[in-house]
Structures are given as C-alpha cells and as structure tokens.
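Please look through the structure shown here. A short briefing on a few of its parts follows.

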Amino acid sequence: MHLGKWRSHDPSADRLFSMNALRRAWLQVRRSGKSPGSDQVTPESFEANLDTELNRLRQQLMYGRYQPQPIRRFYIKKASGKERPISIWAIRDRVAQRVVADYLTPLFDAMFLDCSYGFRPGRSVNEAVQAVVTARDSGLDWIVDTDIQDCFGSIDPRLLLGQVEKVVTNEAVIKLIALWLETPVGESRRQVAGVSQGGVISPLLANLYLHRFDEMMLAALPQSRLIRFADDFIVLSQTDDEASWGLDVARRSLENLRLALNMRKTRITNFEEGFVFLGVTFKGQEYRRQPAKPSTDQEE
C-alpha cells in the first residue's frame, strides 16, 4: 500500500513529522533495544548520521514516499512449550512508529476506560495489582482466571482499521497504520506483520482493539470488576455464579472481536485457592511477586 501524496504545506503534517518530534522519538527508540532490522542498520550506525537519517525519513513521511523495511522475526519459548513470535523492525520504522504513537496516545488515552492499565501514561503493574486488592477488600472474592489465545497474532486488521478510522482524522496516520499492518515478514509476501509483538505501536493498537471488549464487559457486568493489562485480564465477582456469567460474557465479547479464550488456561477460582496475575501470586489476604523472568532484546 502506498501512502500517496498530501499537501506539503499541510500544517498538521508539518507538526506531526517535525524534526523535534523525530528526535524525541529517536531518543526513546535508542533506549528500547539494540537489534538491527532487516536492513542491518544498528542504532549506532543510525546515530552516526542522525540528522541526515531523520531528515530523509521526514521527507519520505511528509511527501508520501515512505515504505517500511520487511521485518525480521524470531521466536522465543513460552512456559507452555509453544513459541511466541517477536518482530524486529528497522530503526527508521521504529522512529516513525514512535512519532505516530506519541501523537495518538493522548487521543486514545482520553477514551480508554479505568479498567485498562497496560501501556498507558501514569499507569503500571503496581496500579493494576492495587486494583485487585481493592476489589478483594470490597467483597469480590471470585475470579475468572483466563488468557486470550494468541491475542496479538489474532487481531483482525480490518476491524482494527475500522476502529482507527472512527477516532483518527489524520489521513496520513491512518495510511501509515495500514501500511505497517501489511508490512511483509522477511522476503515472503505471504506473511505480514499485523499487530506484531515487538512493534513500537503494537501495544497502543492492541489497547484500542480491546477497548471495545472493555465496553462490552462493563455494560454486561455492572456488579463485577474487569482489570485488564494489555491482553492479560481477570474478572472479579461476588459469587461463583456471577463469575460463571462473567466468563461467558468474556467469551462472547471476544468472539465479537474474532478473538478466543485459551480454555486450557481458563478457570474460576477465588482468593482462598489463589491465582497468579501479572506475575503476582494472590492468596488469601497476601500477595507476592514471582521471580522475574530473563528479559529479551525486543522493541515495544
């Protein structure tokens, strides 16, 4: 997909792709990971010609000549034995995605609901954990402990773009997002990036996609509490019957988004039995963090 040209004197494009915005994006990208993309350009070599690289990228973005490099993809083992795909984008593409993500974050965050904690300004795992404790102390003892089956890899690009177009009015931004979703993996044209884990803008797009899930859950479960951190969530209820209803609502809500629960990881439990959420073990009135897993070099 080609962006096509838009007016070079468009003030919104000029502000969006300003050199200041690109430099701010570069500083964040430089801190996030060292791996080169498929073009083999490292952060060090990009920085060696920083002004030239950023200005070239700006001109391509401003005049609709930008095309992302194919992504590199590798796989890491999960605890289940399955593999999780991680995508590595070219440095220039990470910078472009960061500029757009910085532009969209205030717009999206203003409409996101309180139940969403992941990858949002001023929110963290600590706030989500405290929300679990507050829900427990208010009498919500029963928990739907579950997992979305391959959430990032299962997001429907057409549904996602439809959601983007309802919120975003900037034509260049919409076209860029569509372009990134269609970026090929390696030299193959049969596999595309989609909402790839490792993509700078992916957590923001996943939050937008799951915003509709939040809305459906809160409308159907006014007495329960949804706590979601990106694609990880639990539902807390007063009784096991309410929890069973919450599980059914979650399943149907995800089906509306063409997503599915991982039924092998799905159960209804309570604080007395205990459960793990966001790396924290909750049992009775106590909770403790699990040992940290080794980190991987990926850009998010």
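**A buried loop residue**

Ala90 touches Gly37, Asp39 and Gln69, leaving aside residues up to four places away in sequence. The model is predicted.

**Ala90 in its loop**

- Ala90 sits in the loop between strand S2 (83-88) and helix H5 (91-109).
- Buried means under 20% relative accessible area. Ala90 counts as buried because its relative accessibility is 0%.
- Ala90 and Val276 are 186 residues apart along the chain. Their C-alpha atoms are separated by 35 Å.

**The four-stranded sheet**

- Four strands make up an open sheet. Their order is S4-S5-S3-S6, and the pairing is antiparallel.
- Strands of a sheet pair through backbone hydrogen bonds, and the pairing can be parallel or antiparallel.
- S3 and strand S5 (residues 232-237) run antiparallel and are joined by four bridges. Val144 has Val235 as its bridge partner in S5.

**Asp145 in strand S3**

- Asp145 belongs to strand S3, which spans residues 142-145.
- Is Asp145 buried or exposed? Asp145 is buried, because its relative accessible area is 13%, and buried means under 20%.
- Asp145 touches Lys265, Thr266, Arg267, Thr269, Phe275 and Val276, not counting residues up to four places away in sequence.

**Helices across the sheet**

- Helix H6 (residues 125-137) lies across S4 and S5. H6 runs at about 165 degrees to S4.
- Helix H10 (residues 202-220) also lies across S4 and S5. H10 runs at about 170 degrees to S4.

**Helix H2 and its two faces**

- Helix H2 covers residues 19-32 and has 14 residues. From its first C-alpha to its last, H2 reaches 20 Å, close to the 20 Å expected at 1.5 Å a residue.
- Which residues of H2 are buried? They are Met19, Ala21, Leu22, Ala25, Trp26 and Val29.
- The face of H2 turned away from the buried side carries the exposed residues Asn20, Arg24 and Arg31.

Key: Residues are numbered from 1 along each chain as its sequence is written. This is a predicted model: local features need pLDDT of at least 70, side-chain atom pairs count only at pLDDT 80 or more; totals for chains, interfaces and linings use all residues. Side-chain values use heavy atoms; hydrogens and water are left out. Buried means under 20% relative accessible area, exposed over 50%, partly exposed in between (1.4 Å probe, protein chains only). Contact means heavy atoms within 4.5 Å. The expected span of a helix is 1.5 Å times one less than its number of residues. Two strands pair if DSSP finds at least two bridges between them. Axes are lines fitted to C-alpha atoms, for helices over the stretch in contact, and angles run from 0 to 180 degrees between N-to-C directions.
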